[in-house]
Structure formats: C-alpha cells, structure tokens
Amino acid sequence: MDTNWRRINKELGREQPVEKADEEGWKDEDLGGAWVETPIKIDVPFHSQTPFPGHEEFLAGTLFHRPLVSVIREKIANPAVHPHLHYEPYELFWQPNPDSEAVRVHGELYTSPAFIDAHRKLQDSPPEPGCDLPRVVVAMMFGSDGTQLTTFGDAELGPVYLCFGNESKDRRSKPACHAVEHVAYFEKLPADFKKFAADHLGGKVPNSAIMAHCQREMYHEQWSTILDDEFIEAYRHGIVIDCCDGVRRRFYPRIFTYSADYPEKVVLASIRNLGFCPCPSCLISKDRLHRMGKPQDMQQRRTLARVDDAQRRAHVSSARKLIYQDEYAVNSEAVEKILKAESLVPTDNAFSKKLSPFGFNVFDMLLVDLMHEIELGVWKDLFIHLIRLLDAVDKTLKYELDRRYVVSLHANGPF
Ligand SMILES: [Zn+2]
C-alpha cells in the first residue's frame with residue numbers, strides 16, 4: 001500500500017494537531033483521496049464516592065479517516081477496478097461430469113447466501129420515489145488490528161481496512177491489486193488521560209474498570225465518526241454512481257464482515273473479555289465450552305446466538321443511566337446486576353446505535369479469525385496435545401512424525 005507514512009508522522013508530530021481539527025481537513029492523493037481529521041471526545045463518569053462526582057468531557061485524540069461514501073465512490077468509479085466488480089450475486093456449482101450431482105461451491109462473498117439474501121431484500125424493498133435505476137449491494141468487509149499498533153512519536157495508531165466483497169478474494173489478497181483501502185487510523189487513550197482522571201479523583205490513579213470503560217468509549221466514538229451521517233443516508237437511500245460501462249446505478253452499502261482478533265472483537269461486540277459468556281457470537285457460558293464441536297454445541301450456537309435486540313439495548317441504556325446520571329461506579333453492583341448475565345458492558349455500541357434501526361445485528365459481522373483463533377491458537381494447542389499423546393505412547397513416534405513430514409514435503413515441494 002502506498003501510504004505516505006512521512007506525511008502522517010508529520011501531521012501527528014504537530015504541536016497542536018487538534019486545534020486544526022474543525023477545518024475542512026487535509027487532502028493527500030498519495031493516501032487515496034480525501035483524509036479528514038476529527039477530534040474525538042469522550043464523556044468520563046466519576047461516581048458519587050469520588051471527590052468530584054458527575055461526568056466530564058475529555059478531548060481524547062484526533063481520528064484520521066476517509067469518509068466511507070467517498071471511498072465507495074472512488075472504488076466503483078475506478079476504470080481499472082470496474083471489470084472485476086460483481087454487481088449481482090449468484091450460486092456457483094461444480095459438476096465434474098453430467099452424471100454426477102452438482103455441488104454448491106463456497107468461496108466468494110458474491111456467491112454466498114448472505115450476499116444473495118441482502119440482494120433479494122434490496123430488490124424487494126420499495127425503490128426510491130421516481131427512481132428506476134438498477135439497485136446494487138456494496139459488500140463492505142472491514143478489518144482492523146488494534147493490538148498491533150504502529151507507533152508514531154507518542155501516538156499509537158491502529159489501522160482500519162476496508163475491502164469490497166463485490167471483488168474476488170483472489171484480487172483482494174494480492175497487494176499489487178491495491179484492493180485493500182485504508183479508511184482510518186484508530187487512536188487509544190492518550191498518556192495524559194490518567195492525569196485528567198487523577199485530577200478528578202483527588203490525585204488517585206483511575207482503576208482498571210474506568211480505564212477499560214473509557215478505552216471502549218474512545219473506540220466506539222471513533223467508529224461513530226466513521227459511520228457518519230452521509231454513510232447512514234447512503235445506507236438508507238443508496239448513492240447514485242455513473243459506472244464505467246455507461247450504466248447509472250444506485251449503490252447501497254451493507255456491512256458483511258469484520259475481521260479482528262479476540263480482544264478487539266470483544267470491544268466491537270461490547271462484551272467482557274473472557275467473561276461468563278466469552279463468545280462474541282453466542283451466549284455459551286464458560287462452563288459449557290468443553291462441549292465445543294458436539295452436536296448440542298452446534299445447535300446452541302444457533303439457539304443461543306447473540307442478537308442486538310431491544311432488550312440488549314435497554315439493558316445497556318439502563319446501565320449507562322445509572323453510571324452517567326445516578327453516579328454509580330462503572331463496576332458497581334447495581335450495574336453488574338443488569339449486565340453480568342450476558343457478559344455485556346455499558347458501552348454505547350457505534351454499530352448498534354447507527355445501524356440497528358435497519359435491522360443490522362452487530363454480532364453477525366464478526367468473523368472467525370483464522371490466523372489468531374485457529375492457526376496460532378486452537379490448532380496449535382491441539383497439535384501440541386496430539387504430540388504429547390504420541391510421546392506418551394512411544395517416545396520415538398515424534399521422530400517418525402517428523403520424518404513423514406519431511407518425506408511429504410519432499411514429495412510435494414515446499415508449499
Ligand atoms: Zn459462540
């Protein structure tokens with residue numbers, strides 16, 4: 001990616017970057033279209049047992065981001081990308097010979113049931129008044145790596161990426177295709193937050209509960225900024241774009257997937273890190289985790305799937321009322337009573353706040369992270385366990401396993 005790191009570093013290194021933040025923003029073609037800087041403010045609660053109870057706004061940082069609608073427009077109107085975009089989803093089958101049964105092939109988002117479903121829903125919905133343009137789903141696939149922060153001077157930035165599921169994964173995975181868009185650089189709470197909090201706590205350092213709460217507030221405030229009014233308007237009414245084939249179409253952005261590792265998914269889903277119900281997708285409790293993969297577990301993933309319904313939102317808003325109006329501590333018993341059963345946290349979830357009116361379920365977008373959760377985690381642990389079993393049976397068997405790997409590598413070539 002042709003990111004102008006020197007420029008970003010220079011901007012971040014400015015003495016008072018936030019004071020410029022209300023201006024139009026800065027443009028840099030090297031970074032891919034217009035980048036905007038927006039100040040991020042969070043509301044910090046101080047409970048009734050602290051010296052200065054109440055809540056106070058804290059200027060927590062500046063978000064560097066690209067407005068999503070401009071990223072979509074740029075992508076779709078790009079003549080080099082246009083031939084590779086799929087506007088209509090389809091079912092893909094593999095049938096090696098006429099006598100064999102056709103097998104459904106899964107591999108691309110534009111051949112997935114989720115895309116087909118979103119496409120059908122869009123076609124079945126009433127069109128914009130007086131508009132007969134073809135309506136197309138723009139399949140947005142986000143990813144971020146908040147735990148792999150890049151450091152520029154004092155600021156740590158977590159990149160947020162966007163890909164389009166209308167384009168083949170074969171292109172998305174090739175750096176030369178430039179199919180991955182940078183849309184933002186997330187900040188964490190700055191170092192001076194502790195001093196701000198200590199000033200309100202009679203010199204005491206804020207505890208881990210309030211630090212975690214404010215970190216989550218900061219994260220979702222940044223996502224709220226990205227999911228701006230222009231994007232919500234596009235989500236509702238679509239955006240009209242003249243495509244490179246001469247056809248004018250109306251495009252409706254839809255968020256399909258979000259890739260992140262577990263600690264970040266916990267923040268995205270607004271649940272507790274390894275809480276009583278540790279899964280961001282379902283309400284399986286910790287004491288039932290060992291049944292993973294059994295038929296009952298597979299069934300419960302569906303029956304206990306997390307849903308962003310009115311009840312969840314009511315729990316969060318009652319908890320926030322206790323914290324911000326009635327001056328209860330973030331981890332007080334009164335708050336815990338409302339949230340603990342489903343391992344929720346009192347965070348106003350940006351995706352829920354902005355997109356739940358359209359029936360969007362924030363928990364549905366969170367993907368299994370193949371690298372962190374399977375290859376580095378589950379599979380590694382399983383493999384180590386299998387080797388221990390092998391060792392317990394016969395100490396020489398692990399050498400035999402090694403030998404077979406080497407033989408198969410030689411037979412097949414190194415990858
Ligand atoms: Zn689950």
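Here is a short chat about how some labels in this structure are decided.

User: What kind of model is this, and how are residues numbered?

Analyst: It's a predicted model, where local features need pLDDT of at least 70, side-chain atom pairs count only at pLDDT 80 or more, and totals for chains, interfaces and linings use all residues. Residues are numbered from 1 along each chain as its sequence is written, and side-chain values use heavy atoms, with hydrogens and water left out.

User: Why is Cys 282 called buried?

Analyst: Buried means under 20% relative accessible area, exposed means over 50%, and partly exposed is in between (1.4 Å probe, protein chains only). Cys 282 has 6%, so it counts as buried.

User: And what makes Cys 279 partly exposed?

Analyst: Its relative accessibility is 24%, so Cys 279 falls in the in-between class.

User: How do you know which atoms coordinate the zinc ion?

Analyst: Donors are N, O and S atoms within 2.8 Å of the metal (3.2 Å for Na, K and Ca); water is not among the atoms, so sites may look incomplete. The SG atoms of Cys 279 and Cys 282 sit at 2.2 to 2.3 Å, so they qualify.

User: Why is α6 called largely enclosed?

Analyst: Helices (H or I, at least four residues) and strands (E, at least two) are DSSP runs, numbered from the N terminus. In α6, 15 of the 19 residues are buried, so the rest of the structure largely encloses this helix.
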